[in-house]
Every structure is written in C-alpha cells, then in structure tokens.
Amino acid sequence: MSGKLENKVVVVTGGNSGIGLATAKLFANEGAKVTITGRNAGTIETAVAEIGHNAIGIVSNVGDVKSFEPLYEKVDNAFGKIDVLVVNAGIMGMASLEDFTEDLFDQIVDVNYKGVFFTVQKALPFLNDGASIIITSSSVSEKGIPNGSVYVSSKAAERALVRAFAAELAVRKIRVNTLSPGAVNTPIFTKAGLSQDLSDGMNDFFANAVALKRLGRPEEIANGFLFLASDDSSYMTGVDLVIDGGFRDL
Ligand SMILES: NC(=O)c1ccc[n+]([C@@H]2O[C@H](COP(=O)([O-])OP(=O)(O)OC[C@H]3O[C@@H](n4cnc5c(N)ncnc54)[C@H](OP(=O)(O)O)[C@@H]3O)[C@@H](O)[C@H]2O)c1
C-alpha cells in the first residue's frame with residue numbers, strides 16, 4: 001500500500017457494511033486511523049475485526065441529531081481531530097408515487113438528507129482545517145427511476161448540499177465533494193425490505209442498464225473515496241465523482 005492516508009483520522013458513517021466497509025478497509029490499509037459507525041452493534045464488531053487494525057467502531061444513528069456530539073467527542077478522545085469525513089450512511093426505499101407513505105418518506109429523508117446535513121454540521125468543531133468531506137450520493141440522482149422518487153431526490157439533495165458546503169467551508173480549506181456510485185453489489189435492497197428474488201431482479205435490471213453490463217464492486221467505489229480523501233484530489237471541491245460503469249451519462 002502507498003500510505004496515502006498515513007496517520008489521517010477518518011470517520012466513515014455506515015462503515016459496517018457494503019461500500020462503507022470496503023472504504024474503511026482500504027483507508028486502514030493506507031495508514032489511516034478509522035472510526036466506523038452504524039446502528040448495528042454486532043455488524044460493527046464484526047467489521048472492526050475484519051478491518052483488523054487501526055479501527056474502532058461506534059454505534060450511532062444518523063437519524064438522531066443528538067447522537068453526533070457524543071460520537072465526535074469519542075473520536076476526538078481516541079484519535080484527535082478529523083482529517084477525512086465519509087458521509088456514507090444511507091437507506092433506500094421504493095414505492096409508487098400513489099403508495100408512498102409519510103412514514104417511509106420520513107425514514108429516507110431523516111437519514112439521507114437531514115442526517116447528512118447534521119453529520120457535517122456537528123462535525124465542524126472536530127474537523128481539522130484542510131479536511132476532506134465526501135458524501136455518498138448516487139448516479140440515479142439524475143435519472144428517472146420508477147418507484148424511486150424519494151430516494152433519488154434525497155440523493156440529489158446531497159449533491160446540492162455539497163455545492164453549498166464546499167463554498168462555505170473553502171475558507172477553512174476544507175474540500176467537500178460527492179461520490180456517486182451506480183449499482184453496486186451490497187445488501188442495500190434487502191435491507192430496504194425487498195425479498196431476495198426482488199433484490200436479485202433489481203440487480204439484474206441495473207447490471208443490464210449499464211454500459212459495462214455488470215454491477216460495481218464495493219472495492220471499486222472505495223478507490224474513488226481514496227482519491228477524494230487524499231492529496232491526489234487536492235484541487236477538487238464541490239464536484240461529483242461518478243463511478244457507475246456507464247449508467248448516468250450513456
Ligand atoms: N449499493 C448501491 O447500488 C448504491 C448506489 C449508489 C449509492 N449508494 C449509497 O451508498 C451508501 C452505502 O450504501 P451500501 O450500498 O453500501 O448499502 P449498505 O450495505 O446497506 O450500507 C448502508 C450503511 O448505512 C448504515 N446506516 C443506515 N442507516 C443508518 C442510520 N440511521 N444511522 C447510522 N448508519 C446507518 C448501515 O448501518 P446499519 O445497518 O448498522 O444501520 C450501513 O452501514 C448509501 O448512502 C447508498 O445510498 C449505494
């Protein structure tokens with residue numbers, strides 16, 4: 001490994017599964033001191049063991065604004081101020097416009113929009129100047145996906161937040177970017193309550209819809225996070241890095 005994040009203090013929300021876990025593993029291998037978060041204590045423990053070194057896990061719900069201060073204080077006590085904040089925790093939920101319930105709307109928005117806003121706001125006193133913030137959006141944010149109106153618009157909101165955050169935080173030399181994956185092989189559909197059959201069907205649909213005719217692997221997305229986290233992207237802020245096998249723009 002190249003040591004691109006040697007001794008950098010990193011927080012990855014939603015780091016116990018899928019894209020976040022692959023990113024946390026890569027960052028720890030690159031020398032970072034990594035804190036992963038999620039709601040599930042069991043999978044956090046397993047993920048920390050899988051990462052193997054330089055990592056701690058903290059149970060924290062991004063839908064609960066009061067939870068951020070204790071989270072960031074624990075990170076500060078363990079490792080010091082944060083150099084890289086990966087705002088990755090997210091959920092999806094699908095229903096037709098007709099059938100969408102207020103409860104499902106609130107669940108998605110609480111995590112993917114409000115949760116993202118406060119993940120960044122509450123981190124501000126705990127961030128080093130010159131830090132890199134990366135928010136996981138999605139290449140579907142610019143597509144018309146049937147039954148996905150709330151999810152895709154929450155992901156578009158993240159893209160919009162990044163432009164404003166980047167403009168505001170430039171004074172502290174903090175860079176803020178989104179990374180937009182396409183369809184990636186993770187448990188996100190089954191966690192949204194889709195049956196395994198339906199989830200496989202969605203994955204087949206997306207695999208066929210992209211130019212490269214396959215789903216992405218979490219490790220391929222992690223490489224993009226490393227680029228945005230490290231000095232390799234030192235002149236990039238407010239932009240969206242799309243890693244989607246040729247979905248959004250083809
Ligand atoms: N997979 C894809 O095709 C795809 C494509 C584009 C964008 N994305 C985005 O990528 C991100 C990661 O998704 P993934 O595909 O890796 O799915 P995943 O494996 O289901 O991971 C989602 C992560 O978010 C955490 N999370 C969810 N709600 C949370 C909450 N309220 N508080 C704290 N943590 C929470 C989960 O932890 P717990 O289960 O412990 O809560 C888990 O670690 C999401 O933002 C998603 O929208 C995914």
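Is valine 120 buried or exposed? Select valine 120 and have a look: this residue is buried, because 21 other C-beta atoms sit within 10 Å. (Buried takes 20 or more other C-beta atoms within 10 Å of the residue's own, exposed takes 12 or fewer, and partly exposed is what lies in between, with C-beta atoms placed from the backbone.)

Two notes before we move on. This is a predicted model, in which local features need pLDDT of at least 70 and side-chain atom pairs count only at pLDDT 80 or more, while totals for chains, interfaces and linings use all residues. Numbering runs from 1 along each chain as its sequence is written.

**Stop 1**

Isoleucine 133 is 13 residues away along the chain, and its C-alpha is separated from that of valine 120 by 8.1 Å.

Now widen the selection to helix H4, where valine 120 has its place. (Helices are DSSP runs of H or I with at least four residues, strands are runs of E with at least two, and both are numbered from the N terminus.) H4 covers residues 102–123, and its 22 residues should span 32 Å at 1.5 Å a residue; the end C-alpha atoms are 29 Å apart, which agrees. The expected span is 1.5 Å times one less than the number of residues.

Where does H4 bend? Go to glycine 115, where the bend is about 45°, taken as the angle between axes fitted to the seven residues ending there and the seven starting there.

Next, colour the buried residues of H4: Ile108, Val111, Asn112, Gly115, Val116, Thr119, Val120 and Ala123. An α-helix has 3.6 residues a turn, so residues three or four places apart point the same way. To see what covers the buried residues of H4, show helices H3 (68–79) and H5 (149–169) along with strands E4 (82–87) and E5 (127–136), which are among the covering elements.

**Stop 2: the nonpolar cores**

Select Val10, Phe27, Val34, Ile82, Leu85 and Ile133. Within the largest nonpolar core, which has 55 residues, these touch the most other members. A core is a set of buried Ala, Val, Leu, Ile, Met, Phe, Trp, Tyr and Cys residues joined through C-beta atoms within 7 Å. H1 gives the most to this core, seven residues.

A second, separate core has 10 residues, including Val62, Met92, Val111 and Val140.

Zoom in on valine 10 next. Not counting residues up to four places away in sequence, valine 10 touches Leu5, Phe27, Ala32, Lys33, Val34, Asp83, Val84 and Val86.

**Stop 3: around the ligand**

Select the ligand and its shell. There are 30 surrounding residues, and the closest are Gly14, Gly18, Gly38, Arg39 and Gly90; a residue counts as near when its C-beta atom, placed from the backbone, lies within 6 Å. Helix H1 (18–29), strand E2 (33–38) and helix H6 (188–191) are the elements that give two or more residues to this shell. H1 supplies the largest share, three residues.

What is the make-up of the shell around the ligand? Colouring by type, you get 11 nonpolar, 17 polar and two charged residues.

**Stop 4: helix H8**

Jump to H8, residues 218–229. Its 12 residues reach 16 Å from first C-alpha to last, close to the 16 Å expected at 1.5 Å a residue. Buried here are Pro218, Ile221, Ala222, Gly224, Phe225, Leu226, Leu228 and Ala229. Their cover includes H1, E4, E5, strand E6 (175–181) and strand E7 (240–243).

**Stop 5: some asparagines**

Pick asparagine 7, in the segment before strand E1 (9–12). Its phi is near 65°, a positive value in a residue other than glycine. Asparagine 7 counts as exposed because it has 12 C-beta neighbours inside 10 Å.

Asparagine 147, in the loop between E5 and H5, also has a positive phi, about 70°, although it is not a glycine. With 14 C-beta neighbours inside 10 Å, asparagine 147 counts as partly exposed.

Finish at asparagine 61, in the loop between strand E3 (55–59) and H3. Asparagine 61 is partly exposed, with 17 other C-beta atoms within 10 Å. Beyond four places in sequence, asparagine 61 is in contact with Arg39 and Ser67.

Definitions and conventions
Two residues are in contact if their C-beta atoms, placed from the backbone, lie within 7 Å. Ala, Val, Leu, Ile, Met, Phe, Trp, Tyr, Cys and Pro count as nonpolar, Asp, Glu, Lys and Arg as charged, and the others, Gly among them, as polar.
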